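Please read the text alongside the sequence and coordinates.

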Amino acid sequence: MTETIKRGTRLSGAEREQLADELSKGYAEGKSIRALAEETGRSYGFVHRLLSENDVTLRSRGGATRGKARQG
């Protein structure tokens with residue numbers, strides 16, 4: 001993965017596209033948005049937005065759901 005980019009640094013053009021491609025590949029391999037954010041030094045929101053802008057289908061949230069458990 002690209003070396004950590006200083007938080008708040010603007011990315012545009014080729015740099016942004018390259019990072020988007022790398023994040024998309026990492027997400028497709030099963031890494032979480034939080035893990036990708038930590039690896040790149042960017043915020044969760046930035047990574048989420050970049051994935052969304054690149055038409056990546058985001059996985060649903062895991063964990064417990066509210067309401068009754070399904071029977072059977």
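A residue is called buried when its relative accessible area is under 20%, exposed when the value is over 50%, and partly exposed in between, using a 1.4 Å probe and protein chains only. On that scale, 25% of the 72 residues in the protein chain are buried.

The model is predicted, and local features need pLDDT of at least 70, side-chain atom pairs count only at pLDDT 80 or more, and totals for chains, interfaces and linings use all residues. Residues are numbered from 1 along each chain as its sequence is written, and side-chain values use heavy atoms, with hydrogens and water left out.

**Fold**

Helices (H or I, at least four residues) and strands (E, at least two) are taken as DSSP runs and numbered from the N terminus. The protein chain has three helices and zero strands, and its pattern along the sequence is α-α-α. Contact is defined as heavy atoms within 4.5 Å. Among the contacts in the protein chain with a separation of 6 or more, 60% join residues 24 or more positions apart.

**Core and helix packing**

A nonpolar core is a set of buried Ala, Val, Leu, Ile, Met, Phe, Trp, Tyr and Cys residues joined through side-chain atoms within 4.5 Å. The largest such core holds twelve residues: Leu11, Leu19, Ala20, Leu23, Tyr27, Ile33, Leu36, Ala37, Phe46, Val47, Leu50 and Leu51. Two or more of these residues come from each of helix 1 (13-28), helix 2 (33-40) and helix 3 (44-53). Phe46, a member of this core, is in contact with Leu11, Arg16 and Leu19 when neighbours within four places in sequence are left aside.

How do helix 1 and helix 3 lie relative to each other? Axes here are lines fitted to C-alpha atoms, for helices over the stretch in contact, and angles run from 0 to 180 degrees between N-to-C directions. The axes of helix 1 and helix 3 come within 9 Å and cross at roughly 90 degrees. Angles under 35 degrees count as roughly parallel, over 145 as roughly antiparallel, 65 to 115 as roughly perpendicular and the rest as oblique. Helix 1 and helix 3 are therefore roughly perpendicular to each other. On the helix 1 side the contact is made by Arg16, Leu19, Ala20, Leu23, Ser24 and Tyr27, and on the helix 3 side by Phe46, Val47, Leu50, Leu51 and Glu53.

Ser24, in helix 1, counts as buried because its relative accessibility is 18%. Apart from neighbours within four places in sequence, Ser24 contacts Leu51, Asn54 and Val56.

**Rings and charges**

Rings of Phe, Tyr and Trp (its six-membered ring) pair if their centres lie within 6.5 Å, with planes under 30 degrees apart counted as stacked, over 60 as edge-to-face and the rest as tilted. By this rule there are zero aromatic pairs. A charge sits over a ring if NZ of Lys or CZ of Arg is within 6 Å of the ring centre and within 35 degrees of the ring normal. Arg34 is placed over the face of Tyr44, 4.5 Å from the ring centre. Arg59 is placed over the face of Tyr27, 3.9 Å from the ring centre.

**Separations across the chain**

The table gives C-alpha to C-alpha distances for pairs of residues.

| Pair | Sequence separation | C-alpha distance |
|---|---|---|
| Glu17 and Leu50 | 33 residues | 9.1 Å |
| Glu39 and Leu23 | 16 residues | 9.9 Å |
| His48 and Ala37 | eleven residues | 8.9 Å |
| Ser43 and Ile33 | ten residues | 9.3 Å |

Glu17 is located in helix 1 and counts as exposed at 55% relative accessibility. Glu39 belongs to helix 2 and is partly exposed, with a relative accessible area of 31%. His48 lies in helix 3, where 31% relative accessibility makes this residue partly exposed. Not counting residues up to four places away in sequence, His48 touches Ile33 and Leu58. Ser43 sits in the loop between helix 2 and helix 3 and is partly exposed at 28% relative accessibility.

**A positive phi**

Most residues other than glycine have a negative phi. Asp55 has a phi near 55 degrees, a positive value in a residue other than glycine. Asp55 is in the segment after helix 3 and counts as exposed, with 71% relative accessibility.
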